[in-house]
Each structure stands twice: as structure tokens, then as C-alpha cells.
Amino acid sequence: MNDGSIKIDAQDHVLEIQPVSRDELNAVLDVYRQCEDFLALGPMAEASMEMVMKDIEISKKQGGIFCGIYTADGEMIGVIDYVPKNHQGNPQAAFLSLLMIAAPFRNQGIGKTVVEAVESEIRNDASINTIFSGVQINNPQAIRFWRRAGYSIISEPILHSDQTVAVDLRKDFPPDRG
Ligand SMILES: CC(C)(COP(=O)(O)OP(=O)(O)OC[C@H]1O[C@@H](n2cnc3c(N)ncnc32)[C@H](O)[C@@H]1OP(=O)(O)O)[C@@H](O)C(=O)NCCC(=O)NCCS
């Protein structure tokens with residue numbers, strides 16, 4: 001891996017995914033504010049800098065890479081946070097912990113393109129054969145999105161400490177990559 005940046009040059013989208021730096025926290029907060037419809041499904045409907053910093057801190061503790069999703073002209077339009085390996089001590093497992101696309105940029109195929117690019121980056125490590133994720137059961141749009149991306153629901157609804165109820169997801173990759 002290089003500096004963790006992922007360049008996407010797909011037919012419809014030229015994007016870049018890059019670990020966020022300290023001086024970009026306000027841009028991250030702007031993305032969170034444009035995702036308050038999603039935050040309202042959880043314990044804290046209003047975006048705040050405290051929430052952003054807490055999420056980045058948790059990501060660091062879990063071995064995650066907290067990234068911004070940028071357009072070609074450098075505007076941050078979303079965030080994705082992922083643990084590239086050693087998810088819960090499993091050297092063959094990765095974890096997608098957070099994906100948020102700012103409301104004006106949804107339903108254009110960006111989420112799908114970003115997930116595919118991050119999966120491909122994760123799979124540069126040939127030992128990774130499973131990517132886990134999770135989704136709140138009160139977010140049917142996201143459940144449909146993850147299903148379409150090839151993720152299966154592998155648990156009953158689980159009540160988490162933040163009072164959200166979510167199901168675990170997983171996607172397996174064939175061991176033989178040719
Ligand atoms: C869930 C989320 C990440 C999906 O991202 P997205 O960029 O909107 O996803 P896509 O555009 O790739 O796909 C969404 C839908 O748009 C449709 N779509 C894709 N390209 C399209 C296009 N060019 N024109 C019209 N529709 C399109 C897809 O078919 C898909 O339909 P579906 O909902 O029936 O599956 C986004 O809605 C989001 O950030 N939501 C708020 C936060 C959230 O819920 N995060 C997930 C938590 S687990």
C-alpha cells in the first residue's frame with residue numbers, strides 16, 4: 001500500500017478516497033451535516049465536531065482508516081471508514097465500519113463505486129477472504145444497497161450499546177484469484 005489513497009477513474013465517476021488529515025475535520029463535519037437524515041436513525045440526530053472526533057478516534061483504536069471521498073476538484077462528498085485486516089483479531093478479515101455519502105450525491109452510483117474500489121484495495125492483501133460490515137435494521141435503503149453489493153445478513157438483529165439495532169453483514173471472496 002502507498003499513502004492509503006485510492007484513485008477511481010470509472011466511466012461515470014472520477015473520485016479519490018484518502019485518509020482524512022487533522023485540517024479536514026470541518027469538511028468531515030459538513031459531510032456529517034449532510035447525512036443528518038441517517039444520523040437521525042441513531043442516538044444522536046445532530047452532527048457535531050465531537051461526534052466526528054469520536055468516530056475518528058474509535059477508527060484509530062480498531063486499526064481503521066478513516067477516509068474522505070473527494071470529487072475530481074477536491075470537494076469532500078462522503079466518508080468511508082474501514083479496517084483493512086485483522087478485524088477482531090482475524091488476519092483474513094476486513095471490516096467496513098462506516099459509509100456516508102452526502103445527500104445531494106446519493107443515488108448516482110457513487111456508493112457502489114466507492115465500495116468496489118475499497119474492496120479491491122483491501123484485496124490487494126491476498127490473505128483477506130472476508131469483508132464484514134453492519135447495517136441498522138431501521139435503514140432499509142442501506143440494507144438494499146449492501147445486498148446489491150453482494151453482502152449477506154449473517155445475524156439476528158443485535159442491540160448495540162448506543163441503542164441502535166443492527167444486523168451483521170459479510171461478503172466472501174473466492175480463495176483462488178487466478
Ligand atoms: C447507503 C448509501 C451509502 C448508498 O450510497 P449511494 O451513493 O446513494 O449508492 P448508489 O448510488 O451506488 O446506489 C443507491 C441506489 O441508487 C441507484 N443508482 C445507482 N446509480 C444510479 C444512477 N446513475 N441514477 C439513478 N439511480 C442510480 C442504485 O440502483 C441504488 O438503488 P437501490 O437503492 O435500489 O439499491 C447512501 O445512501 C448514504 O450515504 N446514506 C446515508 C448513510 C447510510 O445509510 N449509510 C449506510 C450505513 S450502513
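Which residues does L96 touch, not counting residues up to four places away in sequence? Hold that thought for a minute while I say what we're looking at.

This is a predicted model, where local features need pLDDT of at least 70, side-chain atom pairs count only at pLDDT 80 or more, and totals for chains, interfaces and linings use all residues. Residues are numbered from 1 along each chain as its sequence is written, and side-chain values use heavy atoms, with hydrogens and water left out.

Okay, back to L96. Its contacts, meaning heavy atoms within 4.5 Å, are D81, Y82, V115, V118, I122, I131, F132, S133, G134, W146 and Y151, leaving aside residues up to four places away in sequence. L96 is also a member of the largest nonpolar core, which has 32 residues; I17, L96, V114 and V118 touch the most other members. By core I mean buried Ala, Val, Leu, Ile, Met, Phe, Trp, Tyr and Cys residues joined through side-chain atoms within 4.5 Å. Buried is under 20% relative accessible area, exposed is over 50%, and partly exposed is in between, using a 1.4 Å probe and protein chains only. The biggest contributor to this core is α4, with 6 residues. A separate core has 18 residues, including L25, C35, A47 and M51.

Now the ligand. There are 19 residues around it, and I101, G109, G111, N139 and R148 come nearest; being near takes a heavy atom within 4 Å. By class, that shell has 9 nonpolar, 6 polar and 4 charged residues. Here Ala, Val, Leu, Ile, Met, Phe, Trp, Tyr, Cys and Pro are nonpolar, Asp, Glu, Lys and Arg are charged, and the others, Gly among them, are polar.

Where does the shell come from? At least two residues each come from β5 (93-101), α4 (110-122), β6 (130-136) and α5 (140-148), with α5 giving the largest share, 5 residues. Those labels are DSSP runs numbered from the N terminus: helices are H or I, at least four residues, and strands are E, at least two.

As for ligand oxygens, one is 2.7 Å from a polar backbone atom of G111, and there's a 3.1 Å distance to a polar backbone atom of Q108. On the side-chain end, R148 has an N or O atom 2.8 Å from a ligand oxygen. The ligand alone exposes 930 Å², and the protein buries 74% of that, by the Shrake-Rupley method with a 1.4 Å probe.

Last stop is I110, in helix α4. I110 counts as buried because its relative accessibility is 4%. I110 touches H13, L15, I77, I101 and F105, again not counting residues up to four places away in sequence.

Note on methods
A polar contact is a pair of N or O atoms within 3.5 Å; within protein, one must be able to donate a hydrogen and the other to accept it, and residues adjacent in sequence count only if both atoms are side-chain atoms.
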